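Good morning, and thank you for coming. Please look at the structure on the screen while I speak about the space inside it.

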Amino acid sequence: MSYQQHPPQLQKQQQQQLPPHSSDPEEELPRVLLALQTVYAPNVGGNNNNTTGGNGSPFDRRDVADRYLTSFQRTAVAWIVCDRLLSTTSSSPSSINNKEDSTLSTQRQFFAAQTLHAKCLSDVYQLPPNSLPSLRDSLVNHFISHATDSVRAHIENRPANRPLVTRLAMTIAALAVQMSWHTCLNDISSNVLHQHPELGPAVLELFRSIPEEADSHRLVVSREEELWSYRDMLRNSSRIVLGLCEHAVQSSSSSSTNNNNSSTTLSYDVATTEAVLSCLQSWIRIVDMDPQLLEKTVLVPWVFELLGDSTNGGFELAVDVVVELLRTYPSHRRGNEGLILSIIPKAMALGQDYDSVVGRGVVVSPF
């Protein structure tokens with residue numbers, strides 16, 4: 001079977017020229033909305049050459065709309081346009097039914113958050129430095145709004161847009177590095193968590209993202225010394241994160257009594273448990289936390305408590321935390337002795353379960 005290739009000149013002609021981008025957000029926003037509708041329209045099949053834009057649309061083919069959006073993500077006007085996309089719940093340029101509008105709205109908002117995340121990692125040079133605080137405040141407001149909606153969605157038994165909340169957390173964390181936001185942990189605790197305690201799991205997800213974005217290979221900074229200073233701040237602020245995690249665990253626990261032997265069993269909210277474990281693993285893996293802090297925190301005994309009952313929510317994540325703990329704080333390194341000695345009795349109590357944890361993580365046991 002032969003495969004016929006078109007000459008380069010013909011291929012170039014067949015590739016439709018993209019409409020030009022505008023530096024005016026008022027002009028660019030409608031074009032982006034049309035392109036997003038073309039790409040994410042539910043009636044589009046697998047053929048990239050399907051006509052979806054309608055009469056008069058500059059995006060009569062899906063591949064053209066996709067290339068336009070990719071090009072748009074590199075522009076300076078994308079900052080303002082994406083901020084507006086996150087502020088709108090229904091901005092479709094054409095009339096579609098409610099189910100399709102909800103789907104498109106979700107796709108538009110995630111595209112906006114994804115674009116801003118990428119730009120916060122590498123395109124901050126496009127913005128004047130004095131505009132970064134207002135961008136940060138806007139992103140935090142979007143985070144609160146969409147995280148609150150996710151909590152409400154759970155209560156109303158409808159799908160929550162958790163990927164959007166996660167991406168917004170990553171975006172804020174990336175911007176925090178770029179603007180050397182050294183008080184980010186305290187500021188988020190005071191301005192977000194204390195005013196919206198129901199957003200505890202979302203805030204923990206944001207705290208998990210903070211060291212991860214500072215360690216991202218995609219991060220482009222203008223001054224390396226500022227990045228190192230920011231990472232030093234993370235290490236010095238470890239106590240804040242551990243304190244938040246401890247408070248979350250204590251607040252989410254509930255006790256039940258076994259009538260047969262009068263024993264009391266603690267159980268924990270699954271969402272909070274998973275958020276705490278993910279945050280803890282991230283900080284152990286990336287931030288060079290003082291082992292004495294981990295030795296004194298109630299979180300380490302709590303993690304081992306979760307390992308003692310595989311029916312508890314978060315068992316798999318608890319395994320990952322212990323593996324990371326043993327890998328990051330080996331017994332032969334000076335300063336880790338107290339932490340390792342505090343772990344030994346808890347590990348011995350697990351018996352064969354502990355051996356399986358060590359084997360799964362391919363780490364050296366402290367025994």
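I begin with the lining of the largest pocket, whose residues divide into 18 nonpolar, 11 polar and six charged. Here Ala, Val, Leu, Ile, Met, Phe, Trp, Tyr, Cys and Pro count as nonpolar, Asp, Glu, Lys and Arg as charged, and the others, Gly among them, as polar.

This is a predicted model, in which local features need pLDDT of at least 70, side-chain atom pairs count only at pLDDT 80 or more, and totals for chains, interfaces and linings use all residues. Residues are numbered from 1 along each chain as its sequence is written, and side-chain values use heavy atoms, with hydrogens and water left out.

On a 1 Å grid over the protein atoms alone, a pocket is an open set of points with protein on both sides within 12 Å along at least five of seven lines, a cavity is a set where a 1.4 Å probe fits but cannot get out, and lining residues have an atom within 4 Å of a point. Points are joined across faces, edges and corners, and a volume is the space filled by probe spheres set on them.

The largest pocket holds about 890 Å³. Among its 35 lining residues, Glu-198, Leu-199, Gly-200, Pro-201 and Ala-202 lie nearest the centre. Helices are DSSP runs (H or I, at least four residues), numbered from the N terminus. H9 gives the most to this lining, seven residues.

What lines the largest cavity? Leu-280, Ile-284, Leu-294, Leu-299, Val-300, Val-303, Val-321 and Leu-325 do, around about 30 Å³ of space. H14 gives the most to that lining, with three residues.

Notes
Helix = DSSP H or I, 4+ residues; strand = E, 2+ residues; numbered from the N terminus.
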